[in-house]
Amino acid sequence: MNLPTQLQIGGKLLNANLKQAWRDKTNWITAGMFAVTALLLYSFAFNLTTGLVRNLLPGVIWTVFLFSGIFATGQSFQHDRQNGILDALKISPIHPMTIYIAKTLANILMLLLIEFALLLGATILFSEPLFTPQLLLIVTIGTIGYTALSTLLSAINLDQNNGGLLLPVLALPLLVPLLIASVEATSASLQQEAGTAPWILLLSLFTIWSTAIATLMFPLAD
Amino acid sequence: MERTEKTMQDLAIETNCLTRRYDGLPALNKVSIQIASGSRIALLGNNGSGKTTLLTILSTLLQSSGGSARILGYDVAKKTTALRNIIGVIRHQPMLYENFSPIEDLELFAKIYQVPDSDERIKKLLTSVEIWHLRDEMIGTFSRGQKQRLMIAKSLLHKPKVLLLDEPEIGLDQDGLRVLDQLILMNAEEGSTPVTVLAATHREERVDTWATGFVRLERGQIIETALSKDNL
């Protein structure tokens, strides 16, 4: 099957994944509720002046994003496995990478929706301008990076029959460099430092690396 | 299956000393079969005899531990696109999007298999399995039998040349069984190339209604085979 056909089928599969996620909201509602609760807790816990909030916000934001992302993507292949859909796709002529990319893109789009809503909420709660183009770019790049890895690990995780325990154990150490770059880039952006660009570049490199590795490894997770 | 001097073109399914071990224990032990194109073979045996393992390997979903398997000359281990285009599969578990309608599910897979005139084909199949009236309902609300009818339609969607069916009778009532028999027989006669069917079943009393032969497994090994209907 040639590339344009795979892209066309990938588009259909992405659409199917989004439709499926929209209709079965379990993972996304859990992730969204966790994120809102965590953000509210942080806003009450840190009764801080504006200057101090800026120091803590990058950590707060990425902790909330990371764990809500694990809630949302950790079981992303679970329903497909339970319903036999993953088997139906595996025995079809579709390339395994297309299956992976369509699922990852659906996860990224859904997570970005939650994260952008959270950034809006955090802007109000912390009285900090968080909905800036630069910060949205950082969040988008970071989200692509960690979703690529966590979606791959959720596929590997399925075969281990361990109720999702492996995902955090495997994912978190692998995500550390990417998360450090995300936090540093966010911090530099919030402090309006001149040195934001190198962190964004480093974050982009980690994202490219994790996305490429995950895409190539997915067929082996068979 | 009796060893015959079939050419590659005549053989739809061929396994040679096919073996699969789980934790060192053989689920399938050096199974060698040759199934001619157009045959409809029942795979018989008790639970744990290796029927599902054999079908799962042939469906390209499981790697064998040893030996080889070919479908219409394609090596199963290589999992090529060409091979996947010619097999139709029903597994023990339905392979359906629970929160899709039958139309949505079949449209997606028609796109994946690049089925020409897909709307017409989908309508024809859903009508054949007698669930056209449920075409816009969510699959999650279906009974097991209705899901199985949909799976029968889905397995035939891309006009496969080889059907690998794991207990296709599950959940079907008498009417459903009639539909299954008709489609297996009808499909075998559709198109220029005859469709080959290998179906695991526990309903031995029904085998003579559709099968042209059988293979009986026990503890991962073939213990009995018959090629023609006279042997049933």
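Trainee: Is A:F46 buried, exposed or partly exposed, and why?
Mentor: A:F46 counts as partly exposed, because 15 C-beta neighbours lie inside 10 Å. Buried would take 20 or more, and exposed 12 or fewer. Keep in mind that this is a predicted model.

Trainee: Okay. Where does A:F46 sit in chain A?
Mentor: In the loop between α2 and α3 (50-73) of chain A.

Trainee: What is A:F46 in contact with?
Mentor: Leave aside the neighbours within four places in sequence. Then A:F46 is in contact with A:V53 and A:L56.

Trainee: And how far apart are A:F46 and A:Q82?
Mentor: They are 36 residues apart in sequence. In space they are 42 Å apart, C-alpha to C-alpha.

Trainee: Let's back up to the helix before that loop. How many residues are in α2 of chain A?
Mentor: Helix α2 covers residues 26-45 of chain A, which is 20 residues. From the first C-alpha to the last, α2(A) reaches 28 Å. That is close to the 28 Å expected at 1.5 Å a residue.

Trainee: Which residues of α2(A) are buried?
Mentor: A:A31, A:A35, A:L39 and A:Y42. Look down the axis of α2(A): the buried residues fall within an arc of 65°, so they line one face of the helix.

Trainee: What's on the face turned away from the buried side of α2(A)?
Mentor: Exposed residues: A:I29, A:M33, A:T37, A:L40, A:L41, A:F44 and A:A45.

Trainee: Zoom out for me. How many helices and strands are in chain A?
Mentor: Chain A has 9 helices and 0 strands. Chain A is also as compact as a globular protein of that length, because its radius of gyration is 18 Å, close to the 17 Å that the globule rule gives for 222 residues. Its C-alpha atoms fill a box of roughly 60 × 35 × 30 Å along the principal axes.

Trainee: How much of chain A is buried?
Mentor: 45% of the 222 residues. Now take the contacts in chain A between residues at least 6 apart in sequence. Of those, 82% join residues at least 24 apart.

Trainee: Switch to chain B. What are its helix and strand counts?
Mentor: Chain B has 7 helices and 10 strands. Its radius of gyration is 17 Å, close to the 17 Å from the globule rule for 232 residues, so chain B is as compact as a globular protein of that length. The C-alpha trace of chain B spans about 45 × 40 × 35 Å along its principal axes. Buried residues make up 46% of chain B.

Trainee: Let's do a helix in chain B. Which residues of α3 (102-112) are buried?
Mentor: B:P102, B:D105, B:L106, B:L108, B:F109, B:A110 and B:I112. What covers these buried residues of α3(B) includes α1 of chain A, together with α4 (118-128) and α5 (144-156) of chain B.

Trainee: What follows α3(B)?
Mentor: B:Q114, whose phi is positive, near 50°. Most residues other than glycine have a negative phi. B:Q114 is not a glycine, yet its phi is positive. B:Q114 lies in the loop between α3 and α4 of chain B.

Trainee: Where is B:E130, and what is its phi?
Mentor: B:E130 is in the loop between α4 and α5 of chain B. Its phi is near 60°, a positive value in a residue other than glycine. With 15 C-beta neighbours inside 10 Å, B:E130 counts as partly exposed.

Trainee: Last topic. How many residues are in the largest nonpolar core?
Mentor: The largest nonpolar core has 129 residues. B:I13, B:I41, B:L43, B:L58, B:I71 and B:L164 have the most contacts inside it. Helix α6 (residues 96-126) of chain A gives the most to this core, with 13 residues.

Trainee: Pick B:I71. What is B:I71 in contact with?
Mentor: Leaving aside neighbours within four places in sequence, B:I71 is in contact with B:A12, B:I13, B:L58, B:V76, B:L83, B:I87 and B:V162.

Definitions and conventions:
Residues are numbered from 1 along each chain as its sequence is written. Chains are lettered from A and ligands numbered from 1 in the order in which they are written. This is a predicted model: local features need pLDDT of at least 70, side-chain atom pairs count only at pLDDT 80 or more; totals for chains, interfaces and linings use all residues. A nonpolar core is a set of buried Ala, Val, Leu, Ile, Met, Phe, Trp, Tyr and Cys residues joined through C-beta atoms within 7 Å. Helices (H or I, at least four residues) and strands (E, at least two) are DSSP runs, numbered from the N terminus. Two residues are in contact if their C-beta atoms, placed from the backbone, lie within 7 Å. The expected span of a helix is 1.5 Å times one less than its number of residues. The arc is that of the directions from the helix axis to the C-beta atoms. The radius of gyration is taken over C-alpha atoms; the globule rule is 2.2 Å times the number of residues to the power 0.38.
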